Amino acid sequence: MKIQKGEWYFTVQCKSCDVTIYFSHDPSRGKIEIAAHQDSVIKVTCPACQAVDEYDRGELFSREVKYI
Ligand SMILES: [Zn+2]
């Protein structure tokens with residue numbers, strides 16, 4: 001996935017090295033609340049440390065890319 005400055009993405013914080021992992025594009029630009037009560041789990045590989053961890057929806061949040 002290409003990350004573009006000024007766009008919004010759903011992100012998680014890596015559980016191993018604490019970097020921000022951009023998970024998917026957010027076309028709503030932060031306007032859609034992520035349903036924290038849904039317990040679907042997302043598996044994400046960290047591009048920085050290669051750790052594979054599971055995150056639930058409550059750990060996802062949308063943010064704007066201010067710098068790359
Ligand atoms: Zn990591």
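The model is a predicted one, in which local features need pLDDT of at least 70 and side-chain atom pairs count only at pLDDT 80 or more, while totals for chains, interfaces and linings use all residues. Residues are numbered from 1 along each chain as its sequence is written.

## Overall make-up

The protein chain holds 0 helices and 5 strands, and its pattern along the sequence reads β-β-β-β-β; helices (H or I, at least four residues) and strands (E, at least two) are DSSP runs, numbered from the N terminus. Of its 68 residues, 10% count as buried, where a residue is buried if 20 or more other C-beta atoms lie within 10 Å of its own, exposed if 12 or fewer, and partly exposed in between, with C-beta atoms placed from the backbone. Among contacts between residues at least 6 apart in sequence, 52% join residues at least 24 apart; two residues are in contact if their C-beta atoms, placed from the backbone, lie within 7 Å.

## The sheet of E2, E1 and E5

An open sheet of 3 strands runs in the order E2-E1-E5 with antiparallel pairing, two strands being paired if DSSP finds at least two bridges between them. E2 and strand E5 (61-64) stand at the edges, and each has a single partner strand, so one side of each is left without a neighbour in the sheet. Neighbouring strands of this sheet are turned by 50° against each other on average, direction ignored, the axes being lines fitted to C-alpha atoms, for helices over the stretch in contact, with angles that run from 0 to 180 degrees between N-to-C directions.

| Strand pair | Sense | Bridges |
|---|---|---|
| E1 and E2 | antiparallel | 5 bridges |
| E1 and E5 | antiparallel | 4 bridges |
| E3 and E4 | antiparallel | 5 bridges |

On the E5 side, the bridge partner of Tyr 9 is Arg 63, whereas in E2 the bridge partner of Val 12 is Ile 21. E1 and E2 also form a hairpin with 6 residues between them, and Asp 18 in the turn has a positive phi of about 70°.

Trp 8 lies in strand E1 and counts as partly exposed because 19 C-beta neighbours lie inside 10 Å. Leaving aside neighbours within four places in sequence, Trp 8 is in contact with Asp 26, Arg 29, Gly 30, Ser 62, Arg 63 and Glu 64. The C-alpha atoms of Trp 8 and Arg 63 are separated by 5.4 Å, although the two residues are 55 residues apart along the chain.

## The nonpolar core

Which residues make up the largest nonpolar core? This core has 5 residues in all, namely Tyr 9, Val 12, Ile 21, Tyr 22 and Val 44. The elements that give two or more residues to it are E1 and strand E2 (20-25). A nonpolar core is here a set of buried Ala, Val, Leu, Ile, Met, Phe, Trp, Tyr and Cys residues joined through C-beta atoms within 7 Å. Apart from neighbours within four places in sequence, Ile 21 is in contact with Thr 11, Val 12, Cys 14, Val 44, Cys 46 and Pro 47.

Strand E3 (residues 41-45) and strand E4 (residues 52-56) pair in the antiparallel sense, and Thr 45 stands opposite Val 52 in E4. Their hairpin has 6 residues between the strands, and in it Gln 50 takes a positive phi near 70°, a positive value in a residue other than glycine. Gln 50 counts as exposed because there are 9 C-beta neighbours inside 10 Å.

Arg 29, found in the loop between E2 and E3, has a positive phi of about 55° although it is not a glycine. With 11 C-beta neighbours inside 10 Å, Arg 29 counts as exposed.

Met 1 lies in the segment before strand E1 (8-13) and is exposed, with 8 other C-beta atoms within 10 Å. Met 1 and His 25 are 24 residues apart in sequence, and their C-alpha atoms are 8.5 Å apart in space.
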